[in-house]
Amino acid sequence: MTRFQPDRRELLAGAFATGALTLGGTSLAHARTANDRKLVVVILRGAMDGLAALIPAAEPRYRDLRQDLAISGGFDVGEGFRLHPRLTNLHRFWNDRELVLLPATATGYRERSHFDGQDYLEAGSQVIRDGWLNRALQVSANRPTSVGIGQTVPLILRGDAATTSWSPGILPDPSDGTIERLMDLYAGDSRLAETLAMAVETDAIADGMLMNDMGTGGGGPGQAYLQTARAAANLLAAPDGPGLAVISLDGWDTHVRQGSDDGQLANRLGALDAALAILRDGLQAQWSDTAVLVLTEFGRTVRANGSGGTDHGTAGTAFLLGGAVRGGRLIGDWPGLDTLHEDRDLVPANRTENLCRTVLAEHWGLDRRALDQRVFPGLGSSGFRGLIG
Amino acid sequence: MSRIETAIAVTRFGIGAQPGELAAIDGHGRDWLVDQIGRIDAIDRTGLRDARESIVYFRQEYQPRLAAIQNGTAENPGTARDELGRILRSGSAAHIAARTELALRTGTGFSERWIRFWSNHFSVAITSPPMALLAPTHELEAIRPNAFGRFEDLLIAAELHPAMLFYLDNAQSVGPNSRPGRRRGRGLNENLAREILELHTLGVDGGYSQDDIVSLAKLLTGWTIGNEQMRHSDDQIGRTVFDGRIHEPGAQTLLGQRFGGTARDQAPDALRMLARRPQTATFIATKLARHFIADTPDAVDIAHIRARFIATDGDLAALAQAVIAAPGAFTPEPRKFKTPEEYLVSAFRALNITQLRPRALGGSLRALGQIPFRAPSPAGWPDTESEWGGPDALMKRLDFANELARRAGANARPRERGPQILGSRLQGGTALAIAAAESAEQGLTLLLMSPEFLRR
């Protein structure tokens with residue numbers, strides 16, 4: 001097992017950042033307003049093939065195992081790894097030292113159901129039934145506001161802390177008078193009353209920003225990804241915009257002909273790459289205070305299946321990027337391809353929750369004990385350090 | 001029989017009341033439900049392609065145009081691309097219009113809801129160009145004719161329909177030890193097998209292993225769609241065929257049971273076994289109770305439905321009886337938040353709208369967030385308020401209700417309409433709010449956005 005070592009300069013900076021966060025119980029984040037430290041969580045639904053996104057090109061068995069799925073091109077990121085050739089913006093983030101790569105990562109979930117896998121990723125546990133981001137909001141002293149891009153609040157954001165959802169619409173708005181009367185009508189239905197109040201608030205923020213080219217028209221996965229990313233960037237960048245946004249990009253379940261340098265999965269990775277660039281361009285001034293987590297429920301089989309695709313696997317790849325990130329490096333352990341989990345999947349050598357926990361600690365300055373007790377209970381103490389700062 | 005039971009029958013188990021419908025049923029709500037069991041209203045199939053026609057149409061119209069664009073021989077690539085989009089949209093738009101129009105005019109709303117439940121249970125969706133044409137045929141051909149038969153027959157019809165074989169990749173799955181498997185390195189695709197166990201029969205906690213998934217995938221090999229490359233006969237093209245040449249030879253063990261029948265019988269035998277497992281009864285009963293009664297159904301309701309499933313070996317007509325006879329079936333408070341499509345249909349029915357321009361229908365479904373045949377995953381559409389009742393979703397419903405009311409204009413008449421469409425379920429507070437509204441249009445918006453209309 002290889003361990004990617006942070007260099008000395010990074011270690012020092014990491015230690016400094018951690019110290020600063022705990023000194024006197026305040027932090028950089030707390031010194032400013034609640035929504036200044038932007039966090040975006042991107043959920044890739046359907047299980048992205050992590051070995052296609054971050055290619056372990058130097059592994060002796062790589063070509064043998066992947067066969068037609070083996071990728072020839074890509075961008076060298078050291079340690080024997082390459083980024084997929086369509087991830088051109090991620091390569092720029094990498095060169096700008098704004099991208100951290102975590103290979104061979106998985107949540108604690110060890111079965112292969114998308115639905116349970118996504119629930120685990122979003123709840124941070126098999127037994128808890130609310131979202132870990134919502135629990136993070138609950139333990140945060142300054143309570144950033146949050147939004148799920150889409151019609152409903154995704155599980156990762158659900159829970160006792162107030163949160164909302166938003167997507168661009170096409171019909172004219174009802175009058176304020178109608179909304180007021182509806183509020184009165186919902187007096188006896190607290191659930192509807194609360195939901196409507198949150199919707200009205202987010203709509204007001206959205207109305208205050210330039211909503212050009214944000215139609216809901218079709219145009220393939222690329223267009224849908226871009227629209228989602230643009231909606232998130234516009235909301236986050238608004239003067240009274242939220243500090244946390246969650247977006248879901250689906251369609252990663254590549255069971256058939258996923259392709260290699262080109263093809264179906266390559267196109268999707270290209271669309272993801274473009275969406276991430278939209279976040280940076282849309283956030284502009286706030287980008288230096290932004291961290292973006294890109295997560296998926298699990299990885300896919302190392303070998304191709306019988307139809308040129310991959311089936312549900314275990315470990316995959318996670319990205320952390322943003323102007324606030326101390327990037328340009330790989331983190332975690334790398335198990336190699338000599339031994340496979342259950343003779344089919346990449347061995348889960350790292351825990352995705354550890355990455356999330358570190359981001360909450362270092363980016364939002366959340367108390368580590370609260371994180372261990374409330375947000376990710378039972379995760380254990382090992383984690384990553386010095387990812388933000 | 002009380003009035004409230006009639007209102008519940010039509011709004012909770014049916015598809016929403018048209019003005020006049022509650023009065024006609026009067027106090028006989030339960031009988032009205034029971035009479036519908038086994039009765040399936042005929043859909044107008046004019047202009048609808050079946051699965052085989054869809055596949056042939058795709059091969060004859062779509063593929064040559066796409067090839068022309070790709071190899072640069074298309075005269076006008078821009079127009080040709082638009083044409084491709086039109087071909088794909090034409091398939092689903094006609095099916096959506098036909099099934100929506102049926103829902104808007106039918107007198108058997110419970111039967112339609114029952115069909116839609118099973119269609120969603122065996123969800124297939126538009127995830128690729130061929131599926132744009134194929135997905136809508138599944139409900140029509142596999143679900144509708146079997147919705148009141150035996151669960152095992154519905155299961156076999158649903159899994160072996162071309163749309164499912166294509167959607168979950170079984171059409172491409174090849175037995176690793178079959179001749180094509182050994183010679184050309186093609187092999188197993190476990191997608192359909194996994195979802196059958198997880199989503200269609202046992203449920204994710206139903207006690208199966210990765211080995212069981214592989215065994216079922218092997219049993220399913222050979223079930224594919226007739227095509228030219230494999231030299232199937234003209235009659236087989238575009239239809240489900242069993243092709244023994246790609247079937248995995250030999251017997252397989254699934255859940256401890258050995259399946260060694262003739263190659264062609266293996267998958268149907270395995271599906272029949274899965275249909276009879278008690279875990280399947282539990283899984284189906286829970287989903288039915290969640291869909292018709294409450295997001296978090298009471299254990300007694302699940303137990304009641306489950307017992308009927310086991311006692312009748314999955315007789316779906318008996319199961320429909322069990323759902324409406326469950327202890328919690330007629331609790332007065334509405335415990336279900338309508339899905340966007342249920343909401344749209346009930347709102348149109350409330351306004352006596354039975355004809356829609358396809359563009360208006362498509363736009364409304366898109367705005368509300370649920371386009372038929374586009375469920376986000378093989379699990380189908382979600383079925384709880386936490387999934388559908390988000391702040392933005394509520395806002396989109398309000399925009400939609402507001403627009404309907406604006407178009408209704410003088411025809412809004414919310415004070416008469418409230419009791420007509422909600423009967424005894426109309427709450428005093430809503431009636432007061434409507435009476436005090438500043439216009440009839442606003443009153444109608446409030447009626448369509450009232451808690452008792454958003455829920456069922």
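## The A–B interface

Contact here means heavy atoms within 4.5 Å. On that basis, chain B puts 54 residues into its meeting with chain A, and chain A puts in 50. This is a predicted model, where local features need pLDDT of at least 70 and side-chain atom pairs count only at pLDDT 80 or more, while totals for chains, interfaces and linings use all residues. Residues are numbered from 1 along each chain as its sequence is written, chains are lettered from A in the order in which they are written, and side-chain values use heavy atoms, with hydrogens and water left out.

Buried area is the accessible area (1.4 Å probe) that two parts lose on being put together, summed over both. For chains A and B that comes to about 4,200 Å², with 56% from carbon and sulfur atoms. On the chain B side, B:Pro391, B:Asp392 and B:Met395 lose the most area to chain A, together 15% of what that side buries.

Five salt bridges cross between the chains, each a side-chain nitrogen of Lys or Arg within 4 Å of a carboxyl oxygen of Asp or Glu. A:Asp189 pairs with B:Arg455 in a salt bridge, with the closest N and O atoms 2.4 Å apart.

Several helices (DSSP runs of H or I, at least four residues; strands are runs of E, at least two; both numbered from the N terminus) of chain B each supply at least two residues of the side touching chain A, among them α11 (191-200), α18 (358-368) and α20 (391-408). The largest share, 11 residues, comes from α20(B).

## Domains of chain B

An automatic or database assignment sets the domain bounds: in chain B, domain 1 is 168-276, domain 2 is 282-329 and domain 3 is 340-454. The C-alpha centres of domains 1 and 2 of chain B sit 30 Å apart. Eight residues of domain 1 touch five of domain 2 in chain B, burying about 380 Å², 49% of it on carbon and sulfur atoms.

One salt bridge is counted between domains 1 and 2 of chain B. B:Asp313 and B:Arg276 meet in a salt bridge at 3.0 Å, N to O. From the domain 1 side, α11(B) gives the most, with three residues.

Chain A has an open three-stranded sheet in the order β3-β5-β4, with antiparallel pairing (strands pair if DSSP finds at least two bridges between them). β3 (54-55) and β4 (75-78) of chain A are at the edges with a single partner strand each, so one side of each has no neighbour in the sheet.

Two bridges join β3(A) to β5 (residues 81-83) of chain A. A:Leu54 has A:Leu83 as its bridge partner in β5(A).
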